[in-house]
Amino acid sequence: MIERHVIIDSVDPVVFYGVNNSNLQLIRNLFPKLRMGARGTVITVIGDEQETADFEAKIKQLERYCAERNTLPEDVIIDVVKGAPPREIKVDGVIVYGVNGKPISPRTPNQQLLVKTIAENDLTFALGPAGTGKTYLAVAMAVKALKNREVRRIILSRPAVEAGEKLGFLPGDMRDKIDPYLQPLYDALEDMIPIAKLKEYMENNVIQIAPLAFMRGRTLNDAAIVLDEAQNTSMHQIKMFLTRLGMGSKMIVTGDVTQIDLPRTTRSGLVHALQVLQGVPGIGVVEFGKKDIVRHHLVQRIVEAYERHDERETSSEE
């Protein structure tokens, strides 16, 4: 009899063990000759050397499945333990699997083009109206790169510019004041990474979310870098950010040039950068339209209504 310790540190133990440890209980039933206990990310098993070795191999196979899919169904556990390949439902073009195993994949031709462009370029601009999924897909591509060990960390950033509201009076420390600006990035991450694992990544600085001002002076190597709401950067800010790109990194810049919240006297850095960098090799640009909107169907109608209103105002001024 030997005692073996199996570490499952690439997954969220809550997901792996199941609700009320249901998955762990099933594994116990499938290995009746072994005694086992679990504490955090460590599973301790006692039994015959060959049986405990087989147990470790099966657990590691289940860990890889769970790390990729963010879920561990009972039928997969049974298939793997019995030596059969897990039954899979094929979904085309999956970027990553979100929380509870939800597949995240491009849903429109332009979203597919964005995924392809990010893969082929070290710097990609994704432009378009609200609801086209540009930020969500950018974060998904960053999470995929981290899971595939193509990068060592994810850096997500946004300019801290109010959309017509003043948030500076909010109580709390610096983190409390800037979090409202960064919440959309947290929302996307929480869809893709289980909460416990996301907390671990953030505590270890594997995933960093920070306002644009915090990027100055840094060189970002081996990282997937996303700048969201780039239309609200100044010309100096976006130049500073773009020049943070380091070796082994990919950078994705998203923005909507129809929703600029800067003072009227300040030119958008995104608009300026697109003009300056036009035709530079290694830089990709993908433009989304209202047909790419994948939120509630009313969002597309709202965007169209505002476009018609702006056109009427422009023609009346002429």
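This is a predicted model: local features need pLDDT of at least 70, side-chain atom pairs count only at pLDDT 80 or more; totals for chains, interfaces and linings use all residues.
Pro-103 belongs to strand β5, which covers residues 103-104. The C-alpha atom of Pro-103 is separated by 33 Å from that of Thr-219, a residue 116 positions away along the chain.

## Helix α5 and its two sides

With 12 residues at 1.5 Å a residue, α5 should span 16 Å, and the 17 Å between its end C-alpha atoms agrees with that expectation. Which residues of α5 are buried? They are Gln-111, Leu-114, Val-115, Thr-117 and Ile-118, and because they cover an arc of only 165° around the axis, they lie on the same side of α5. An α-helix has 3.6 residues a turn, so residues three or four places apart point the same way.

Pro-109, Ala-119 and Glu-120, by contrast, are exposed on the other side of α5. As for the partners of the buried residues of α5, these pack against β6 (123-127), α6, β10 (250-255) and β11 (283-287).

## Nonpolar cores

The largest nonpolar core comprises 35 residues, and within it Leu-189 and Met-192 have the most contacts. Two or more residues are given to this core by each of α5 (109-120), α6 (134-147), β7 (153-158), α7 (174-192), β8 (207-211) and β9 (223-227), with α6 giving the most, at nine residues.

When neighbours within four places in sequence are left aside, Leu-189 is in contact with Val-139, Val-143, Leu-156, Leu-198, Ile-207 and Ile-209. Apart from this core lies another, made up of 23 residues that include Met-36, Tyr-65, Val-76 and Val-81.

## Positive phi in two loops

Asn-21, a residue other than glycine, has a positive phi, near 60°, and is placed in the loop between α1 (13-17) and α2 (22-30). Its relative accessibility of 40% means that Asn-21 counts as partly exposed.

Arg-149 likewise is a residue other than glycine whose phi is positive and near 60°, and it lies in the loop that runs between α6 and β7. Is Arg-149 buried or exposed? Arg-149 is exposed, because its relative accessible area is 74%, where the cut-off for exposed is over 50%.

Note on methods: Residues are numbered from 1 along each chain as its sequence is written. Side-chain values use heavy atoms; hydrogens and water are left out. A nonpolar core is a set of buried Ala, Val, Leu, Ile, Met, Phe, Trp, Tyr and Cys residues joined through side-chain atoms within 4.5 Å. Buried means under 20% relative accessible area, exposed over 50%, partly exposed in between (1.4 Å probe, protein chains only). Helices (H or I, at least four residues) and strands (E, at least two) are DSSP runs, numbered from the N terminus. Contact means heavy atoms within 4.5 Å. The expected span of a helix is 1.5 Å times one less than its number of residues. The arc is that of the directions from the helix axis to the C-beta atoms.
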